[in-house]
Each structure stands twice: as C-alpha cells, then as structure tokens.
Amino acid sequence: METQKQNKSGLLIILSGPSGVGKGTVRRLVMADKSLNLHYSVSMTTRSPRDREVNGRDYFFVTEKEFIEHIENKDFLEYARFVDNYYGTPKHYVDKLLEEGKNVFLEIEVQGAMKAMQLYHGEGLTSIFLVPPSFEELESRIRHRRSETEEVIHERLSKAQKEMGMKYHYDYCVLNDSVQRAANEIKKIIKQAIKSHQERMSK
Ligand code: 5GP
C-alpha cells in the first residue's frame with residue numbers, strides 16, 4: 001500500500017457525511033475559529049456552480065476535459081466520481097500547507113476520504129463523519145435546496161444511504177442535531193487531535 005512520507009507537521013482533517021447533512025454550514029462555523037489555524041482546501045469539480053457559489057472560493061469549477069488532464073498529471077491527492085461529476089483535492093496545495101505546519105481541512109465524500117486515509121495512514125490525520133438526525137430530515141434538506149432535478153435528488157438520496165454505512169471507518173461520528181452544537185463538538189475534537197499530533201511530532 002502506498003503511504004505518504006510523514007515529514008509533515010500539519011494535521012489533515014477530513015469531514016464527510018451524506019449529501020444534505022449540512023457539512024458546508026458546520027464547516028464554515030468550524031473554520032471561523034481562528035485559534036485552530038485551519039486552512040480549507042478548495043476542491044476541483046466538474047459540477048455546475050449553484051446559486052451564490054463562487055469559483056475559487058467554493059470550488060474550482062472546471063470542464064471534464066480539464067479534470068481528466070489533472071488526473072493524468074497526478075495533480076490530485078484523491079478524487080472521486082459522485083452522482084455524474086468529478087470532485088478532487090489538489091495535492092500540491094495540501095502538501096505544501098501541511099509541510100508549513102498548517103492544519104488542512106477537507107470536506108469530501110467517502111470514497112475519496114478512504115483514499116486519503118490510506119495515503120496518510122492514521123498518523124497526522126483525523127476523520128469525522130457528520131450524521132443527520134434522521135433520513136427523513138436529510139431528504140427534506142436535499143429537497144429544500146431546490147437546486148437539483150428529481151433524478152439527481154434520487155441519486156443523492158440512494159448515495160446517502162450507502163455513505164451512511166461507511167461511518168464506522170471514521171475516527172469520530174458527530175450528530176448534526178444543531179449546527180452550532182455539532183460545530184462545537186468538532187472544534188473540540190480538532191483541538192484535541194492537534195494537541196496529540198503536536199506531542200507526537202515533538203517526540
Ligand atoms: P456537492 O455537489 O454537494 O457540493 O458535493 C457532493 C459531494 O462531493 C459532497 O459529499 C462533498 O463533500 C464531496 N466533495 C467535495 N469536494 C470533494 C473532493 O475534492 N473530493 C471528494 N472525494 N469529494 C468531494
């Protein structure tokens with residue numbers, strides 16, 4: 001198995017969870033805590049921007065041809081196909097930040113998360129899975145977004161069910177019963193993980 005050489009000093013934090021669980025909102029609350037020294041890695045995707053999404057802030061929106069070129073150039077730390085689109089984490093940017101001792105936050109789906117976990121192999125990585133209060137709640141959140149066709153909503157819901165089964169592969173599961181509570185719990189987890197990681201690095 002290929003593993004990443006651990007000469008890095010930052011911590012890699014992965015947040016996953018089914019579509020519609022509220023990862024984006026929780027992530028923004030967590031990122032707002034400057035004491036954690038977190039840097040969000042903006043992913044690349046072939047999906048079209050939703051209302052209010054900004055290129056370079058929410059995603060780097062690219063064509064499928066461009067994305068495939070990046071795959072061929074081995075530019076991704078991980079990438080996955082999710083409901084007919086590609087999503088990937090830029091490797092060079094993340095590794096550079098980690099080498100500089102910065103903590104990098106990835107918000108990615110489960111297949112990509114499994115690849116990143118393999119690559120960073122426990123050390124220097126903390127993974128968190130955000131769980132919805134119920135499946136009904138998840139469906140209602142996806143529907144209220146009103147940005148997708150019925151077909152895409154169905155695909156996202158069936159994907160969500162499969163993704164829920166992967167939660168046991170993560171270090172922590174956090175229930176998103178309230179975004180503020182979930183964000184506070186995640187901040188605590190990250191604080192503790194940074195502390196343990198720094199202690200390990202200084203040995
Ligand atoms: P959405 O289209 O709702 O923005 O994202 C769909 C799924 O792709 C979400 O679960 C999101 O976390 C995930 N995702 C976003 N960026 C990446 C990435 O770089 N890699 C992977 N594997 N998944 C991503």
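Which residues touch the most other members in the largest nonpolar core? They are V30, L38, F105, I128, L130, I186 and I190, out of 24 residues in that core.

## Ground rules

This is a predicted model, so to speak: local features need pLDDT of at least 70, side-chain atom pairs count only at pLDDT 80 or more, and totals for chains, interfaces and linings use all residues. Residues are numbered from 1 along each chain as its sequence is written, and side-chain values use heavy atoms, with hydrogens and water left out.

## The nonpolar cores

A nonpolar core here is a set of buried Ala, Val, Leu, Ile, Met, Phe, Trp, Tyr and Cys residues joined through side-chain atoms within 4.5 Å. Buried means under 20% relative accessible area, exposed over 50%, and partly exposed in between (1.4 Å probe, protein chains only). As background, nonpolar side chains in soluble globular proteins tend to be buried together.

Helix 7 gives the largest share, 7 residues. (Helices are DSSP runs of H or I, at least four residues, and strands are runs of E, at least two, numbered from the N terminus.) Take I186: leaving aside residues up to four places away in sequence, I186 touches L15, V26, V30, I128, L130 and V174, where contact means heavy atoms within 4.5 Å. Apart from this core lies another, of 20 residues, among them I14, A113, Y120 and V131.

## Around the ligand

The ligand has 16 residues around it, and S43, R47, Y59, Y87 and E109 come nearest; to count, a residue needs a heavy atom within 4 Å. For polar contacts (pairs of N or O atoms within 3.5 Å), an N or O atom in the R50 side chain sits 2.9 Å from a ligand oxygen. T89 puts a polar side-chain atom 3.3 Å from a ligand oxygen, while E107 uses a backbone N or O atom at 3.4 Å.

How much of the ligand does the protein cover? The answer is 96% of the 510 Å² of accessible area that the ligand has on its own, by the Shrake-Rupley method with a 1.4 Å probe.

## Strand 6

Strand 6 (residues 85-90) has 6 of its 6 residues buried. N85, Y87 and T89 are on one side, with Y86, G88 and P90 on the other.

Strand 6 pairs antiparallel with strand 3 (residues 44-45) over 2 bridges and with strand 5 (residues 76-82) over 6 bridges; pairing takes at least two DSSP bridges. T45 stands opposite Y87, and R81 has Y86 as its bridge partner.

Methods: A polar contact is a pair of N or O atoms within 3.5 Å; within protein, one must be able to donate a hydrogen and the other to accept it, and residues adjacent in sequence count only if both atoms are side-chain atoms.
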